[in-house]
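Work through the exercises below with the structure in view. Each task is followed by a solution in steps.

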Amino acid sequence: MDFFQYAFMQRALIAGLFVALSCSLIGVFLVLRRLSLIGDGLAHIAFGGLALGLFTGLPPMITALGTTVLGALCIQWLKQKKVAADAAIAVIFSMGLALGVVLVSLARGFNIDLFSFLFGSILAVSEADLFTVGVLGVVVVAAVIIFYKELLYITFDEEAAKASGLPIGFLNALLMVLTAITVIVAMRVVGVLLVSSLIVLPTITVRLFSRSFKQTLVYSALFGLLSVFLGLFAAFYLDIAAGGAIVLVAGALFLLVSLLHKLLNRNG
Amino acid sequence: MHEPIVEFQNVSFSYGSRVALQHVNAVINKGDYIGLIGPNGAGKTTLIRVLLGLLKPSSGNVRLYGKNIKEFKDWHKIGYVQQKATTFDATFPVTVEEVVAMGRFAFAGVGRPLDHHDRHRIGDVLKMVGLDKVADRRVGELSGGQQQKVFIARALASDPDLLILDEPTTGVDVRSQHEFYHFLHDLNVHHRLTLVLISHDTDVVSTHVSRLLCINKTIMDHGCSIEFLLPSHKHNDVKKNEQIFKRVRHKH
């Protein structure tokens with residue numbers, strides 16, 4: 001396999017590992033809380049942050065991380081002000097995009113770099129990117145493990161979790177910030193515009209057959225990994241956009257599992 | 001003898017301009033089995049949400065176990081079973097055991113997984129409510145009555161002292177209801193749990209509880225008047241309600 005001999009491909013695979021784990025794990029909590037669209041909303045803010053970085057010459061990953069975390073906390077704040085979740089996401093969504101578009105028009109267009117951020121690229125992951133993606137990915141996975149009980153409780157039954165004395169405000173903000181970080185982790189490989197499908201697809205695939213919450217988390221991670229690695233292979237051999245390939249694989253896996261599920265249930 | 005564990009002192013609460021609770025004064029003592037009754041919109045659930053710290057009263061005080069609610073930290077002592085319909089997504093991938101385990105989360109600190117003792121307690125509670133055989137099933141696959149037991153088991157898993165149940169028999173068939181009240185009686189008498197049962201079904205509740213608290217924005221000082229219990233004033237029902245009162249007073 002000449003595949004593994006290329007340094008860029010090795011970097012893409014390592015980054016892909018963190019992308020798959022953080023997207024699919026955070027996705028379980030978001031989908032079950034009916035916040036599936038939040039990934040998409042935050043991705044648009046990330047676009048605004050990227051444009052800011054490219055415009056000012058600051059590192060785009062860092063400016064994108066800053067604006068996205070800020071946007072996530074804004075969504076949380078709007079929700080606490082009794083703005084409906086979908087409306088809060090819609091507001092932040094277009095604000096991010098507006099910022100990006102204005103900056104792009106100010107700069108009279110950007111270089112090719114912006115396109116790779118939008119749709120993901122296996123060539124784009126630099127050593128520095130890999131470091132950032134690795135650190136952020138570890139933060140997301142570690143936080144899910146450390147706060148597993150608390151995140152499960154607020155996801156299943158927020159009111160009872162609150163009544164039992166859990167710090168709901170903190171946990172909700174934590175989930176938002178982790179989602180923002182996940183978007184940034186996925187940005188290089190999958191691209192901001194395709195992140196939300198990789199967050200949602202593994203969970204809805206696994207929900208077709210899983211019984212327990214733990215099972216849902218573990219199998220979602222596996223489906224996430226499978227989608228990312230198969231997608232990266234396809235991107236390498238067919239010379240296509242990595243993000244598109246990964247998301248199409250994840251979609252195909254969902255279709256396959258739902259067909260199998262139907263067949264097995266009919267016979268069983 | 002009377003050890004007050006919950007004290008409402010002149011508690012009022014409004015949702016915007018709509019008054020839900022007005023100058024509520026009431027005491028719940030250790031060992032009580034209380035039926036909190038009142039018509040729809042009388043503020044039953046609001047009062048409980050204030051007790052649980054989910055809502056802050058606009059005026060007045062709540063004391064729990066002798067402490068001001070702001071200083072109260074032992075929330076595991078208070079088990080709460082919500083009205084099921086409003087809280088539960090039947091397709092959620094979570095097993096009976098996983099839901100009951102949530103009742104132990106208050107003990108295990110952040111970052112600490114449940115230990116041997118927690119697991120043991122979860123097993124005990126599952127056996128107690130008769131769900132040990134279905135511990136690995138998805139909660140959504142169970143019948144309405146069994147699901148209700150799951151949530152009661154979760155509340156019991158936190159070793160509460162006070163158990164509050166909001167309309168617990170909604171959607172549960174009559175036979176299971178009978179069994180259920182028997183179970184509550186056992187909790188109250190043998191496990192020395194203080195119980196608060198919220199209901200609009202006066203007849204059923206009053207046959208089981210030892211004290212009625214009647215609420216319609218405020219607690220009725222002189223017990224529940226018949227008119228209050230019965231907005232429709234139908235003759236037969238008036239008679240029925242009189243009987244209910246005799247029963248409850250007799251127990252007292």
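**Exercise 1.** Describe how helix H2 (residues 38-56) of chain A packs against H10(A).

Step 1. The two axes cross at roughly 160° and come within 8 Å of each other. Axes are lines fitted to C-alpha atoms over the stretch in contact, with angles from 0 to 180 degrees between N-to-C directions; helices are DSSP runs (H or I, at least four residues) numbered from the N terminus.

Step 2. H2(A) is therefore roughly antiparallel to H10(A) (an angle over 145 degrees).

Step 3. On the H2(A) side the contact uses A:Gly39, A:Asp40 and A:Ala43, and on the H10(A) side A:Val195, A:Ser196 and A:Ile199. Contact means C-beta atoms, placed from the backbone, within 7 Å.

Step 4. By class, this contact has three nonpolar, two polar and one charged residues. Ala, Val, Leu, Ile, Met, Phe, Trp, Tyr, Cys and Pro count as nonpolar, Asp, Glu, Lys and Arg as charged, and the others, Gly among them, as polar.

The model is predicted: local features need pLDDT of at least 70 and side-chain atom pairs pLDDT 80 or more, while totals for chains, interfaces and linings use all residues. Residues are numbered from 1 along each chain as its sequence is written, with chains lettered from A and ligands numbered from 1 in the order written.

**Exercise 2.** How are H1(A) and H10(A) oriented to each other?

Step 1. Helix H1 (residues 7-32) and helix H10 (residues 195-207), both of chain A, pack at about 70° with axes 7 Å apart.

Step 2. They are therefore roughly perpendicular (65 to 115 degrees).

Step 3. Their contact includes A:Cys23 of H1(A) and A:Leu198 of H10(A); its residues divide into ten nonpolar, three polar and no charged.

Methods: Helices (H or I, at least four residues) and strands (E, at least two) are DSSP runs, numbered from the N terminus. Angles under 35 degrees count as roughly parallel, over 145 as roughly antiparallel, 65 to 115 as roughly perpendicular and the rest as oblique. Two residues are in contact if their C-beta atoms, placed from the backbone, lie within 7 Å.
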